[in-house]
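Let's take a walk through this one together, a stop at a time. Have the sequence and the 3D view open side by side.

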Amino acid sequence: MTSKDRQIAASRRPFGDGALTTDQGIPVDDTDNSLRAGARGPTLLEDFHLREKLMRFDHERIPERVVHARGAGAHGYFQVYEPLDDYTTADFLTDPDARTPVFVRFSTVQGSRGSTDTPRDVRGFAVKFYTRQGNFDLVGNNMPVFFIQDGIKFPDLVHALKPEPHHEMPQAASAHDAFWDFVTLQPETMHHLIWLMSDRALPRSYRMMQGFGVHTFRLVDRRGHGTFVKFHWTPALGTHSLVFDEAQLISGRDPDFNRRDLWEAIEAGENPSWELGLQLIPQERVFDLEDVDILDPTKLIPEEVVPITPVGRLTLDRNPDNFFAETEQVAFCVGNTVPGIDFTDDPLLQARLFSYLDTQLTRLGGPNFAQLPINRPLTPVRNHQQDGLHQDVVPTGRANYSPNSTAALHPGGGFVTYPERVEGPKERKRSETFAEHYWQATLFWNSMAPWEQEHIIAAYRFELGKVTQMAIRVRAVEHLNRIDHDLAVSVARGIGVEEPVKSADNHGRRSEALSQAPRDGAGSPRTRRVAVLLADGADARVVALLRDECTAAGATVDLLAVVDGTVTTSDGVPMEVDRAMSTTASVLYDAVVVPSARADLSADGVAVHFAAEAYKHGKPVGAFGTGLGVLQRAQIPLTTADADPALIVEDEFTPGFPRTLLTALAAHRNFDRDVAGIPA
């Protein structure tokens with residue numbers, strides 16, 4: 001239990017046994033019937049229990065976040081590997097023995113609280129560190145860059161991204177005229193836009209998603225010397241995504257897919273973790289970074305230019321006790337920082353420093369939101385602020401001002417702003433170093449594997465295909481032509497726009513770190529879900545061996561059948577199944593296996609669709625013995641198994657089958673397979 005856990009424990013109020021009371025502690029004898037003048041008479045206004053109960057219900061909701069409304073959160077801790085005293089005085093980065101409590105909130109950006117978990121969208125990755133020097137909030141995303149360069153454009157971006165005001169559609173989707181009208185008139189959006197069109201916008205799990213601080217911050221050491229820094233979170237399970245068709249189907253099957261995944265993993269003891277890495281840029285090197293201004297949030301610094309230094313690990317090990325009190329009421333503010341970490345002049349960051357505090361004042365009803373248990377720092381709070389909505393402490397003493405001679409609080413030894421020299425004329429103008437908007441979008445495109453490029457093209461075609469105004473489609477293709485001519489031509493062909501004439505050469509640069517294509521040792525089968533499709537006559541020993549080996553590797557196996565209940569094994573013994581195939585779907589699993597059985601599953605349309613859909617989404621699909629008939633009926637080309645590491649087929653079960661399956665699970669998917677002939 002962390003120190004934050006112990007602090008929150010004091011605020012818990014279990015519902016347990018005992019007499020029911022009102023908020024004033026008055027015992028209640030009946031909560032099922034209003035006070036009436038006779039059994040069939042009118043309800044009486046004096047029924048204070050009725051009025052209090054309805055009043056509390058009417059006021060249960062607080063304003064949801066304008067963006068990042070739908071989220072999931074968890075508690076955990078952060079621990080630095082080695083002291084970073086050479087760079088910062090931040091206590092949690094300089095003491096390897098300290099386990100700093102954290103609360104992390106993941107979120108989508110566009111949709112309302114009631115929307116789905118799996119739209120094409122940016123994901124929030126916000127970490128609140130409860131340090132011994134106060135709270136530090138690192139409020140980032142799962143993409144390292146942002147749409148716009150200046151925070152003054154943020155309201156315009158969000159208004160364009162959200163449902164259109166005349167009919168409040170579409171929900172949690174960027175595929176509409178307003179969004180594409182805005183971005184095609186703002187070339188600075190092009191880099192983030194291509195990230196949004198990639199599989200990065202469809203994470204398989206919050207646990208398999210990178211995080212970025214987006215902005216350049218500044219670390220300050222004990223001598224007052226500064227070092228620019230960018231924050232990176234890298235998941236221990238590897239970075240993996242869904243495909244768009246799968247994500248859309250999941251939205252219907254389980255709109256809580258990512259939220260449920262995080263909750264269930266932690267409940268099962270599969271605590272997700274991320275490694276914190278820093279890109280450290282000496283101040284004297286700032287203007288040596290080719291084509292990158294570190295104050296421009298629409299640009300990243302390639303890892304080949306400034307490598308990432310691993311410095312610590314974040315682990316989430318406890319789910320919230322109450323979603324509203326913790327996940328919904330947690331208040332992240334970019335301005336919550338600690339000694340040793342300071343801001344830069346990034347104009348988007350500067351606007352966020354104002355906006356986040358202002359947001360919390362509206363959402364949480366006033367200036368005392370830091371007193372809520374989830375927001376309360378571990379360090380003692382001493383100041384002369386007073387009153388306001390929801391003040392839950394009783395200040396004592398006569399002095400509520402400074403200086404005073406009766407209860408003096410002495411400033412000193414705390415946060416000191418970095419003494420950066422600033423001068424210049426007052427003007428509404430951007431730096432010329434912010435002016436180029438295409439080369440990093442081209443870098444991202446060049447860095448993609450062929451299957452990733454195919455997914456990006458398909459995403460642009462889908463999104464722009466929803467745009468009703470042809471002029472907007474044409475503008476989008478013109479921008480793509482400045483990123484890569486072949487990309488522009490491929491998109492134009494799919495949306496009814498004339499193919500553009502080549503206008504610029506591709507610079508040819510790439511960065512391996514930007515691709516999600518699997519690299520050796522990058523994945524793990526842990527927490528992956530395997531669907532085993534059973535029929536009567538299956539070999540119980542083989543099924544048990546398959547299940548045991550997968551479970552030992554950390555994967556979860558569900559036994560599915562045509563109907564719920566049991567199947568009869570080859571020994572004539574009933575075997576319980578977990579659920580019927582018709583009550584679930586392949587999109588909720590990471591792999592599908594069809595064992596040999598006496599009964600013929602290939603005649604069952606649900607089983608055939610299960611295998612075909614999983615294969616179409618690049619997932620590991622395996623079968624042996626009579627189970628091969630299901631794959632054949634699904635028109636899966638078994639002859640390609642030698643060249644497809646995620647297609648595991650055997651005439652009969654061998655001990656190597658589970659090992660091959662687990663290797664394929666660790667690699668996530670095989671997106672190189674040809675699925676053109678697979679039925680929908």
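Which residue in β9 is the bridge partner of G76? It's L316. Before going further, note that this is a predicted model, where local features need pLDDT of at least 70, side-chain atom pairs count only at pLDDT 80 or more, and totals for chains, interfaces and linings use all residues. Residues are numbered from 1 along each chain as its sequence is written, and side-chain values use heavy atoms, with hydrogens and water left out.

Back to β9, then. Helices (H or I, at least four residues) and strands (E, at least two) are DSSP runs, numbered from the N terminus. Strand β1 (residues 71–80) and strand β9 (residues 309–318) run antiparallel and are joined by six bridges. Strand β8 (residues 273–282) also runs antiparallel to β9, again with six bridges; there, S273 has T315 as its bridge partner in β9. Two strands pair if DSSP finds at least two bridges between them.

Now look at an open sheet of six strands, ordered β15-β12-β11-β16-β17-β18 with parallel pairing. β15 (579–580) and β18 (647–650) each have a single partner strand, so one side of each is left without a neighbour in the sheet. Helix α17 (residues 656–666) packs on this sheet and touches β11, β16, β17 (621–624) and β18; contact here means heavy atoms within 4.5 Å. The direction of α17 makes about 170° with that of β18. Within the sheet, strand β11 (residues 529–533) and strand β16 (residues 591–594) run parallel, joined by three bridges, and A531 stands opposite V592 in β16.

Next stop, a pair of helices. The axes of α12 (residues 470–483) and α13 (residues 485–495) come within 6 Å and cross at roughly 160°. Axes are lines fitted to C-alpha atoms, for helices over the stretch in contact, and angles run from 0 to 180 degrees between N-to-C directions. The two helices are therefore roughly antiparallel to each other, a label for angles over 145 degrees. On the α12 side, M470, R473, V477, L480, N481 and I483 meet H485, L487, A488, V491, A492 and I495 of α13. By class, this contact has nine nonpolar, two polar and one charged residues.

Is α13 mostly covered or mostly open? Mostly covered: eight of its eleven residues are buried, meaning under 20% relative accessible area (1.4 Å probe, protein chains only). Among the buried ones are V489 and S490. The buried residues of α13 pack against α5 (190–196), α10 (439–447), α11 (450–465) and α12. At the start of α13, a side-chain oxygen of D484 reaches to within 3.1 Å of the backbone nitrogen of D486. After α13 comes G496, with a positive phi near 75°.

S198 sits in the loop between α5 and β5 (211–212) and is buried, with a relative accessible area of 2%. Its side chain reaches the backbone oxygen of W195 at 2.6 Å. Not counting residues up to four places away in sequence, S198 touches R120, F444 and I456.

D177, in helix α4 (residues 177–184), is buried too, with a relative accessible area of 10%. D177 and T468 are 291 residues apart in sequence, yet 6.5 Å apart in space, C-alpha to C-alpha. Leaving aside neighbours within four places in sequence, D177 is in contact with E164, K466, V467, T468, Q469 and I472.

Methods:
Parallel < 35°, antiparallel > 145°, perpendicular 65-115°, else oblique. Nonpolar A, V, L, I, M, F, W, Y, C, P; charged D, E, K, R; others polar. Buried < 20%, exposed > 50% of the residue type's maximum accessible area, 1.4 Å probe, protein only. Polar contact = N/O pair within 3.5 Å; in protein donor to acceptor, adjacent residues only side chain to side chain.
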